[in-house]
Amino acid sequence: MAGSGKEAARHWQYAELPGVDLLRARYIRKTFVRHTHEHFVIAAIADGVEVFHHRGADQYAGAGALALVNPDTTHTGRAGVPEGWRYGAVYPSPEVVAEIAAETTLIRGTPGFVSPVLDDPYTVRLVHQVLRATEDGNALAADTLLRVAVTRLLRLNGGPLPQREVRTAGARIAARARAALEERMAEPPSLEQLAAGLGTSPFALLRAFRDAYGMPPHTWLTDARVRQARRLLDAGTTPAEAAVAVGFTDQPHLNRHFTRIVGVPPGAYRRERKNVQDVRGRLLLPSEAWQNRQLSQTYAPRTAGRPMPPSSGTPSA
């Protein structure tokens, strides 16, 4: 995709890397609306600049930097320069990150990332090597490199995530509203009906919901529908069936919102999932020479022509 003036993206899974989504993309005019992920976002920028709104401020990630977003954190995404941005991303589940953190760090509690942008070209290379290993069917290298990358990020930029405690009356109302919307996803009530059922006013509910979840209820509902559609597509449901099941009027309605949040159309997303299901259970290991070459490149990055061991304490310059 480098050097191309066209947008392109591939969103896939690798059967031997469970709990992890994978992405390669080049975007120029693409704009991601406010949304969240159930998994962590580890996006390694190869070219250009990505801008994403995160916790009240625009964040800029250029070549050699990583955009890092914790689960259930509202954010957006767009190009920061006319030529757009090219990147590779891994999306490990909270369970995968917690397992790695427990084994390799001293973080107590639920692990997560402290800063949304980290300038670390070494880990950027690791992320792209994970993607190449999955494309080449090298399960051993993919798993190893992912664990090295996540460990490094947690050591450089990790800490315990704050616990979300529902203390205020507004937060409790927002949580009840969210539960009601999840239960009635396909046929949601109006804002007025939702507020009346919770014993509050529409504007009070709107303020409470935005404070709790970073977006108004209708935006959150669209995001939740796309999440549920992804689960259905993962299970083999067709896009047309998934659209109706989650409450979209038809498949084009799903296509529009799905692409704006996930970055690829639901049909392309489902095809990649089907490919994973077809090969699940098979372990493909390329030659020992290939593995040694990849790991030597990973553990011996060069600076000024000299090999340098990976750092575990400070970010790259």
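Trainee: Is Arg227 buried or exposed?

Mentor: Keep in mind that this is a predicted model, in which local features need pLDDT of at least 70 and side-chain atom pairs count only at pLDDT 80 or more, whereas totals for chains, interfaces and linings use all residues. Residues are numbered from 1 along each chain as its sequence is written, and side-chain values use heavy atoms, with hydrogens and water left out. A residue is called buried under 20% relative accessible area, exposed over 50% and partly exposed in between, using a 1.4 Å probe and protein chains only. Because the relative accessible area of Arg227 is 15%, this residue is buried.

Trainee: With which residue do the side chains of Arg227 meet in a salt bridge?

Mentor: A salt bridge here is a side-chain nitrogen of Lys or Arg within 4 Å of a carboxyl oxygen of Asp or Glu. The N to O distance for Arg227 is 2.8 Å, and the partner is Asp72. This pair links distant parts of the chain, 155 residues apart, with Arg227 in helix H7 and its partner in the loop between S6 and S7.

Trainee: What is the phi of Asp72?

Mentor: Most residues other than glycine have a negative phi, and most peptide bonds are trans. Asp72 is not a glycine, and yet its phi is positive, at about 60°.

Trainee: Which residue's backbone oxygen does the side chain of Thr74 reach?

Mentor: Thr74 sits in the loop between strand S6 (65-69) and strand S7 (75-79), where helices (H or I, at least four residues) and strands (E, at least two) are DSSP runs numbered from the N terminus. With a relative accessibility of 16%, Thr74 counts as buried. Its contacts (heavy atoms within 4.5 Å), leaving aside neighbours within four places in sequence, include Arg34, His53, Arg55 and Gly214. The backbone oxygen that the Thr74 side chain reaches, at 2.9 Å, is that of Tyr213.

Trainee: Is Arg55 buried or exposed?

Mentor: Arg55 is located in the loop between S4 and strand S5 (57-62), and it has a positive phi near 50° although it is a residue other than glycine. Its relative accessible area is 63%, so Arg55 is exposed.

Trainee: How many residues apart in sequence are the parts that Arg231 and Glu38 tie together?

Mentor: The side chains of these two residues meet in a salt bridge, 2.3 Å from N to O. Arg231 lies in helix H7 (residues 217-234) and Glu38 in the loop between strand S3 (31-35) and strand S4 (41-54), so the separation of the parts they tie together is 193 residues.

Trainee: How many salt bridges does a search of the whole structure find?

Mentor: Side chains of opposite charge can pair when their charged atoms come close. One further pair is Arg147 with Glu99, whose closest N and O atoms are 3.5 Å apart; Arg147 lies in helix H3 (residues 139-157) and Glu99 in helix H1 (residues 94-104), so this pair ties together parts 48 residues apart in sequence. There is also a network that links Arg10, Arg24, Glu135 and Glu272. Over the whole structure, the number of salt bridges found is 15.

Trainee: How many of the 15 residues of H2 are buried?

Mentor: Helix H2 covers residues 121-135, and its end C-alpha atoms are 21 Å apart, in agreement with the 21 Å that its 15 residues should span at 1.5 Å a residue; the expected span is 1.5 Å times one less than the number of residues. Its buried residues include Tyr122, Leu126, His128 and Leu131. H2 is largely enclosed by the rest of the structure, because the number of its residues that are buried is eleven.

How values were computed
Polar contact = N/O pair within 3.5 Å; in protein donor to acceptor, adjacent residues only side chain to side chain.
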